[in-house]
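Q: Please take me through reading the backbone, the ligand site and the salt bridges of a model.

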Amino acid sequence: MQANVLDNIELAPHYYRLSLHCPPLAHSVKPGQFVMLKVSQAYDPLLRRPFSIHRVDGELVQILYQVVGKGTKLMSQLRPGEALDVLGPLGNGFGLQAGIKQAILVGGGVGVAPLLFWAQELGRQKIKLLVFVGGKNRVDLLALDDFRQLGARLYLATEDGTAGYSGRVTDIVADYLSSGESTAATAVFACGPKGMLAHIAGLAERYVLPCQLSLDVVMACGVGACMGCVVKSSHAGDYIRVCKEGPVFEAARIAWA
Ligand SMILES: Cc1cc2nc3c(=O)[nH]c(=O)nc-3n(C[C@H](O)[C@H](O)[C@H](O)COP(=O)(O)OP(=O)(O)OC[C@H]3O[C@@H](n4cnc5c(N)ncnc54)[C@H](O)[C@@H]3O)c2cc1C
Ligand code: FES
C-alpha cells in the first residue's frame, strides 16, 4: 500500500519521527505490530526495512527511528508529499492478560518506539503506567513528554549519568521490583537491545510477572518466507520466526543464553 509523508522531523541527533498519512494502516494496525518499508524508489537498498508503529492518531501513523545505516539514512531524507511503499501491518502485537491493572514498560533507546502506541491503548483501558526508559546518554531518551501526557510515571537511566539514574535501565527496574512496591496484577512489556531483554526476562521470572518482549532482529522478507529472522526457542531444538510468530513473545518462550 502507499503512504504519503506528512513530515519527517529530526528529534535529536540520529533520531527522527516520520509521520505518514495511511488510512488503511491506521485503521488496522495493533500495538506491537510492524511494517516493512521500501525506503527508496531506487533498487538499492533492495530489501524493505522493518519498523514498529510508534503512534496512531486518526489516519496518521508515526514511526520513530534511529539512523544506523544506508536505509535509515535514506529515510531521513524523505520530504513531505513523497509517497512510500508500505507492507503491513505485520506480526502479532502485544496482548493484555485478564486482571492486569498496572503495566511496567521498559524501553532501551529507540526500543520505546512500539511502547508508546501500546501505552496509548493501555491508557484507554485505565491501566496504570510505569515507564522505564534507558539509553547511553540523555539524547537516547525519547518520547518522554508523550508518555507523560498519557499519565505515565517515568523512571529514567543513562549509562553516562547525563539524565536520571546513572547506570542501566535494568538496574532501576530491578530496584523497583525489589522495593516491595505493589507488583500485584502487574505485567511487564519491553523492547530494546537483546541483553536488556534477557535481563528483563530474568527479572520477570524471579518476581513471577507476566512478561512480553518485542524482539529486534535483522529481517529480510518480514512475512515468514526466508527464515532469516529465526531465534532459538526455549524448547530444545526449536527455532521461531520473529516476523511471523512475533515480534512480541512471552519472555519464557525464548532461549536467552
Ligand atoms: C520488528 C522490528 C521493528 C523495528 N522497529 C524499529 C523502530 O521502530 N525504529 C528503529 O529505529 N528501528 C527499528 N527496527 C530496526 C530497524 O529495522 C533497523 O535499524 C533498520 O532495518 C536498519 O536499516 P539500515 O539500512 O539503516 O541499516 P543497515 O545498513 O542494514 O545496517 C546498519 C547496521 O545496523 C545493524 N542492523 C540492521 N538491522 C538491525 C536490526 N533490526 N537490529 C539491530 N541491528 C540492526 C546492521 O547489522 C549494521 O551493523 C526494528 C526491527 C524489527 C525487526
Ligand atoms: S524475515 Fe523472512 S522469515 Fe522472518
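Q: Where is the place of proline 247?
A: Helices and strands are DSSP runs numbered from the N terminus, a helix being H or I with at least four residues and a strand E with at least two. Proline 247 falls in the loop between helix H7 (242-245) and strand S16 (248-250). A cis peptide bond, with omega about 10 degrees, joins glycine 246 to this proline 247.

Q: How should I read the other backbone features?
A: Most peptide bonds are trans, and most residues other than glycine have a negative phi. Here glycine 88 and proline 89 are also joined by a cis peptide bond, with omega about 5 degrees, and proline 89 is in strand S7 (residues 83-90). Valine 208 has a positive phi, near 55 degrees, and lies in the loop between helix H6 (194-206) and strand S13 (211-214).

Q: What conventions apply?
A: This is a predicted model: local features need pLDDT of at least 70 and side-chain atom pairs pLDDT 80 or more, while totals for chains, interfaces and linings use all residues. Residues are numbered from 1 along each chain as its sequence is written, chains are lettered from A and ligands numbered from 1 in the order written, and side-chain values use heavy atoms, without hydrogens and water.

Q: Which residues come nearest to ligand 1?
A: A residue is near a molecule if one of its heavy atoms lies within 4 Å of it. There are 20 residues around ligand 1, of which Arg49, Pro50, Gly71, Thr72 and Asp216 come nearest.

Q: Which elements give two or more residues to the shell around ligand 1?
A: They are strand S4 (49-52), strand S6 (60-66) and helix H2 (70-75). S4 gives the most, with four residues.

Q: How do I read polar contacts with the ligand?
A: A polar contact is a pair of N or O atoms within 3.5 Å. A backbone N or O atom of proline 50 is 2.6 Å from an oxygen atom of ligand 1. For serine 52, a backbone N or O atom is 3.0 Å from a nitrogen atom of the ligand. A polar backbone atom of glycine 69 lies 3.1 Å from an oxygen atom of ligand 1.

Q: How many salt bridges does the structure hold?
A: A salt bridge is a side-chain nitrogen of Lys or Arg within 4 Å of a carboxyl oxygen of Asp or Glu. The structure holds six. One of them pairs aspartate 146 with arginine 55, with the closest N and O atoms 3.1 Å apart. This pair links distant parts of the chain, 91 residues apart: aspartate 146 in helix H4 (residues 144-149) and arginine 55 in strand S5 (residues 55-57).

Terms used
A polar contact is a pair of N or O atoms within 3.5 Å; within protein, one must be able to donate a hydrogen and the other to accept it, and residues adjacent in sequence count only if both atoms are side-chain atoms.
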